[in-house]
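Please look through the notes on this model before our next discussion. They are set out as numbered points.

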Amino acid sequence: MTYLVVSGASLLAVAAVMTVTALVARRQQRVAVVDTAWGLGFVVVALVAATVATLLDEGHPWRRWVVLALVGLWGLRLARHMHRRNSGKGEDPRYAEMLGDAPFSVAVRRVFLTQGVAMWFVSLPVQITAAAGGAWGALAAAGSLVFLVGLAFESIGDAQLAAYKKDPERGPVMDRGLWAWTRHPNYFGDAAVWWGIWLIAASAWPGALTVLSPLVMTWFLVRGTGARLLERTMMQRPGYPEYAARTSMFLPWPPKRGRRRGKNHDRAADDAPGAPSAAR
């Protein structure tokens with residue numbers, strides 16, 4: 001019963017976040033504000049789940065507050081990054097292409113509702129952890145480590161991309177730093193973050209049952225609306241096919257030898273990890 005109450009409260013929190021975001025988007029005539037709300041929404045879910053579980057006096061306090069801190073670290077960083085990237089700009093071309101001249105009600109259904117459902121489902125390990133018992137053991141510690149590795153990939157990858165964009169002598173293809181080991185370090189990092197959260201949840205029953213949450217997130221990032229979709233566009237850019245031939249698409253791996261390396265391409269479209277929208 002406790003899990004249902006926590007999950008129900010989390011669903012209401014997601015609905016509130018997406019409702020406010022939709023209202024702001026309609027006022028600004030810019031759907032892209034949802035990218036900022038994506039990270040913030042998970043922080044709100046983690047906070048609500050931890051608060052409700054505390055009020056019900058259920059679960060292990062350390063577990064829920066550590067998970068809240070981890071999700072807060074990830075979500076606030078992502079929200080800040082997306083806000084700075086989109087601030088002062090018009091509609092994101094991805095959303096413009098997806099929605100066209102459709103009325104705002106279509107954006108509500110295709111963007112805000114879809115991402116709201118995804119947010120609630122992906123955050124199930126966070127919800128369950130808030131109300132679960134059990135001590136902080138080796139599996140939870142391993143999950144924290146996986147989470148931190150994922151966060152590092154996202155943060156460092158974004159920083160390297162930002163530095164590249166400021167380089168006036170940049171070449172057509174980027175293959176430096178993390179980008180030499182994976183063509184999508186931010187997508188890989190995002191997946192690692194949520195597998196880390198799941199490992200923490202799996203360290204106490206019934207957290208292991210939420211395994212579909214990181215699986216779905218990884219599918220979106222790799223096959224659904226993430227890396228694969230972006231690759232279709234990037235393969236048309238000069239130098240990218242050669243870069244792709246020597247560099248792993250998702251999992252970090254040493255680049256293949258014997259191929260000429262370039263510098264990098266403008267990966268602005270890949271600078272937005274996280275939200276499983278049709279635009280990604």
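The points below concern helices, their packing and a few backbone details in a predicted model.

1. Helix α2 covers residues 33-55, which gives 23 residues. From its first C-alpha to its last, α2 reaches 33 Å, close to the 33 Å expected at 1.5 Å a residue.

2. The backbone on either side of α2 deserves a look. In the loop between α1 (2-28) and α2 sits Gln-29, whose phi is near 55°, a positive value in a residue other than glycine. Beyond the other end, α2 is followed by Asp-57, and the phi of Asp-57 is positive too, near 55°.

3. Helix α3 takes in residues 61-86. Its 26 residues should span 38 Å at 1.5 Å a residue, and the end C-alpha atoms are 37 Å apart, which agrees. Just after α3 comes Gly-88, with a positive phi of about 80°.

4. How do α2 and α3 pack, and at what angle? Their axes are 7 Å apart and the angle is about 160°. Angles over 145 degrees count as roughly antiparallel, so that term applies to α2 and α3. The crossing of α2 with α3 is left-handed. By class, the residues of this contact divide into 16 nonpolar, 7 polar and 3 charged.

5. Helix α3 has a further partner in α6 (residues 124-131): the two axes come within 7 Å and cross at roughly 150°. That crossing angle makes α3 roughly antiparallel to α6. The crossing of this pair is left-handed. On the α3 side the contact involves Arg-63, Arg-64, Val-67 and Val-71, and these meet Val-126, Thr-129 and Ala-130 in α6. The contact of α3 with α6 has 4 nonpolar, 1 polar and 2 charged residues.

6. Helices α8 (residues 185-202) and α9 (residues 212-224) pack at an angle of about 175°, and their axes are 9 Å apart. The two are therefore roughly antiparallel to each other. From α8 the contact draws on Tyr-187, Asp-190, Ala-191, Trp-194, Trp-195 and Trp-198. From α9 it draws on Pro-214, Leu-215, Met-217, Thr-218 and Leu-221. The residues of the α8 and α9 contact divide into 9 nonpolar, 1 polar and 1 charged.

7. Where is Pro-206 placed? Pro-206 lies in the loop between α8 and α9. The peptide bond that joins Trp-205 and Pro-206 is cis, with omega about 5°.

8. To recap the packing, the term roughly antiparallel holds for α2 with α3, for α3 with α6 and for α8 with α9. A left-handed crossing is assigned to α2 with α3 and to α3 with α6.

How values were computed:
Residues are numbered from 1 along each chain as its sequence is written. This is a predicted model: local features need pLDDT of at least 70, side-chain atom pairs count only at pLDDT 80 or more; totals for chains, interfaces and linings use all residues. Side-chain values use heavy atoms; hydrogens and water are left out. Axes are lines fitted to C-alpha atoms, for helices over the stretch in contact, and angles run from 0 to 180 degrees between N-to-C directions. Helices (H or I, at least four residues) and strands (E, at least two) are DSSP runs, numbered from the N terminus. Angles under 35 degrees count as roughly parallel, over 145 as roughly antiparallel, 65 to 115 as roughly perpendicular and the rest as oblique. Contact means heavy atoms within 4.5 Å. Ala, Val, Leu, Ile, Met, Phe, Trp, Tyr, Cys and Pro count as nonpolar, Asp, Glu, Lys and Arg as charged, and the others, Gly among them, as polar. A crossing is left-handed if the near helix is turned anticlockwise from the far one by less than a right angle, and right-handed if clockwise. The expected span of a helix is 1.5 Å times one less than its number of residues.
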